[in-house]
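Student: I would like to learn how to read a few features of a model. Please give the general idea each time, then the case at hand.

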Amino acid sequence: MSNRRCVIAAALMLALAGTLTLHAQGGAAAGAKPAPRIDGRPDLNGTWDTGYNEIVIGFVRPQQLGGGSVCVSGCPPAGGAPRGGGAGRAGGAPPARDFPKYKAEFLAKVKDLETRQVKEDSILRCEPPGVPRIGPPAKIVQTRREIVFFYDDVNGGFFRIVPIDRPHRNDVPRSYLGDSIGKWEGDVLVVDTVNFNEDTWLTDDGAFHTRDLKVIERLRRVGDTIEYQATVHDPAVLAEPWSPNPRTLKLTDRELEESPRCEDRSLAHMQDLSNHDNPR
């Protein structure tokens, strides 16, 4: 894989230091303090811990080996038992797959793209990851007329402008992150995004989509957290709408920094189609 960023190295140091905090889904605990408001709406302004480190190092489970060596990924279980789970995961039963359900006639295409992921996955060429693959925003700037999402992604820094209470535009080209509009349903911000190009995937492993993709995101502030949920609609290829696992964002006093430049240095030297779990 490319040397785009030292994601895995940083993840390993966090894991070895024991500093990873798991963010349990389910929002703030009962009795959380009321969410602040702005212009009568919940105030989503702030920098938010999206739990990105969990995703990045979800497959990194360091194990001490003999001779002072450390196994980082794909480690054999203790005792030399046969390894369970997929590539890039330590032994044991693999977690339930969070993956869209495709119509039967498209399963072969998904499998083919998965097999050739190192050649076909556009994020490995430093392109924007698309929605919902990019996940929830790391920073939100909210005004009465629009909300801006900022992202600190492995492929660089991205942003989305979400106007409030206006229709989609019909004078803009298709894009990686689509055309987004927002509305308030009570205290829930609902973001409707369409007009995507077909150059991104919904998630890893060949999860392609068509140009008719529509993504609905819902954000609800509870105390110092935001409950985030995305739902994907693409009836041309999906058997049913797909919702990735919900995420809980936590307010932080850290600010975003300029993202390092994404620079691919490995695809030109690829020897075969072997791949590991994508650290996203």
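Student: In which element does Leu251 lie?
Tutor: Helices (H or I, at least four residues) and strands (E, at least two) are DSSP runs, numbered from the N terminus. Leu251 lies in strand β13. This is a predicted model, where local features need pLDDT of at least 70, side-chain atom pairs count only at pLDDT 80 or more, and totals for chains, interfaces and linings use all residues. Residues are numbered from 1 along each chain as its sequence is written, and side-chain values use heavy atoms, with hydrogens and water left out.

Student: Which residues does Leu251 touch, not counting residues up to four places away in sequence?
Tutor: A contact means heavy atoms within 4.5 Å. On that basis Leu251 touches Asn45, Gly46, Thr47, Trp48, Arg221 and Asp224.

Student: What do the totals for the chain look like?
Tutor: The chain has 4 helices and 13 strands. Of its 280 residues, 42% count as buried. Among contacts between residues at least 6 apart in sequence, 60% join residues at least 24 apart.

Student: Where does Arg41 lie, and what does Arg41 touch?
Tutor: Arg41 lies in strand β2, residues 41-42. Leaving out residues up to four places away in sequence, Arg41 touches Pro36, Gln142, Trp184 and Gly186. Arg41 and Val188 are 147 residues apart in sequence, and 9.0 Å apart from C-alpha to C-alpha. At 33% relative accessibility, Arg41 counts as partly exposed.

Student: Which residues does the disulfide join?
Tutor: A disulfide is a pair of cysteine sulfur atoms within 2.5 Å. The structure holds 1 disulfide, joining Cys126 to Cys262 with an S to S distance of 2.2 Å. Cys126 lies in the loop between α4 (117-120) and β6 (139-142), and Cys262 in the segment after β13 (247-252), so the pair ties together parts that are 136 residues apart in sequence. The link of Cys126 and Cys262 is left-handed, with -85 degrees about the S-S bond. Cys262 counts as buried, at 16% relative accessibility.

Student: Which residues does the cis peptide bond join?
Tutor: The bond joins Val131 and Pro132, with omega about 10 degrees. Pro132 is found in the loop between α4 and β6.

Student: What is phi at Asp165 and at Asp205?
Tutor: Phi of Asp165 is near 55 degrees, a positive value in a residue other than glycine. Asp165 sits in the loop between β8 and β9 and is exposed, with a relative accessible area of 59%. For Asp205, phi is near 65 degrees, again positive in a residue other than glycine. Asp205 is in the loop between β10 (188-194) and β11 (214-222), and counts as partly exposed at 26% relative accessibility.

Definitions and conventions
Buried means under 20% relative accessible area, exposed over 50%, partly exposed in between (1.4 Å probe, protein chains only).
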